[in-house]
Amino acid sequence: MAACNGAAPEGRCLTPSRNTARFTTRAIDLIAVVASSPASLAIVLTAWAIIRLALGRPVLFRQTRIGLCEKPFTFFKFRTMTDARDASGALLPDEQRLTAFGRFLRATSLDELPQLWNVLRGDMSLVGPRPLLPQYVSRYNAHQRRRHEVKPGITGWAQINGRNAITWEEKFDLDVWYVDHQSLWLDLKILWLTMLKVVRRDGISQSGYATMPEFMGTALHQSNAK
């Protein structure tokens, strides 16, 4: 198989079949983003103004995330939290810093809109496994690392099957299932079901967390079972 710069297992993300699927997906991403730009731009500008007034600068949350073939990129979201700190100067827990407007943005997934820029840049796709933090890469088992064989997405199979209300292991299993079954029709199904999920506001967080607890790795016996 073709090499993947030593990143993804077995270089599967750069095989000819993957490249063909990637070209088709890229074309659809660009068409969809351009077609929706008038409506999305109006929402982005409105949200930008409210966040700027409520929280000040920066309006955007920027963070390094891991994408296709485990390559890092700069990921964008609307800022939803304050910088409130405790007496020692440490940031308060996420759930205490999350603002009311931030909760609304997350509940409606409007905080994800700046990722349309990531899609235009080619870092992300509309559909794919969600991009996660660099430190998680060394914590994945071989099965879980396969999620990087495709571009990360704004929404994905895991997001319509539990989102943040399921465990990390369940989420990664769903991501890998998507990698093995990716198709145009599946992507269209995911986009449609995502809209329904947003309307119903399902699976936004796990109990006791603003979103998800940190992924610390899968237990050894579970890892060996993959």
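How much accessible surface does the protein have, and what share of this surface belongs to carbon and sulfur atoms? The accessible surface comes to about 11,700 Å², and 61% of it belongs to carbon and sulfur atoms. Accessible areas come from the Shrake-Rupley method with a 1.4 Å probe; for residues, only the protein chains shown count as cover.

This is a predicted model: local features need pLDDT of at least 70, side-chain atom pairs count only at pLDDT 80 or more, and totals for chains, interfaces and linings use all residues. Residues are numbered from 1 along each chain as its sequence is written, and side-chain values use heavy atoms, with hydrogens and water left out.

**View 1. The whole protein.** The protein has 8 helices and 4 strands. Helices (H or I, at least four residues) and strands (E, at least two) are DSSP runs, numbered from the N terminus. Their order from the N terminus is α-β-β-α-α-α-β-α-β-α-α-α. Of the 226 residues, 46% are buried. Buried means under 20% relative accessible area, exposed over 50%, and partly exposed in between (1.4 Å probe, protein chains only).

**View 2. Thr64 in strand S1.** Strand S1 covers residues 60-66 and holds Thr64. Why is Thr64 classed as partly exposed? Because its relative accessible area is 40%. Leaving out residues up to four places away in sequence, Thr64 touches Pro72, Phe73, Leu133 and Pro134. Contact means heavy atoms within 4.5 Å. Thr64 and Pro134 are 70 residues apart along the chain, yet their C-alpha atoms are separated by 7.2 Å.

**View 3. Helix H3 and the residue after it.** Helix H3 spans residues 100-108. Its buried residues are Gly102, Leu105, Arg106, Ala107 and Thr108. Just after H3 comes Ser109, with a positive phi of about 65°.

**View 4. Ser125 in strand S3.** Ser125 belongs to strand S3, residues 125-127. Ser125 counts as buried because its relative accessibility is 3%. Beyond its neighbours within four places in sequence, Ser125 contacts Thr25, Asp29, Val119, Lys151, Pro152, Gly153 and Ile154.

**View 5. The second largest pocket.** A pocket is an open set of points on a 1 Å grid over the protein atoms alone, where a 1.4 Å probe fits, with protein on both sides within 12 Å along at least five of seven lines; lining residues have an atom within 4 Å of a point. This pocket has 15 lining residues; Val44, Leu113, Pro114, Leu116 and Trp117 lie nearest its centre. Helix H1 (16-55), strand S2 (72-78) and helix H4 (115-121) each give two or more residues to the lining. H1 gives the largest share, 7 residues.
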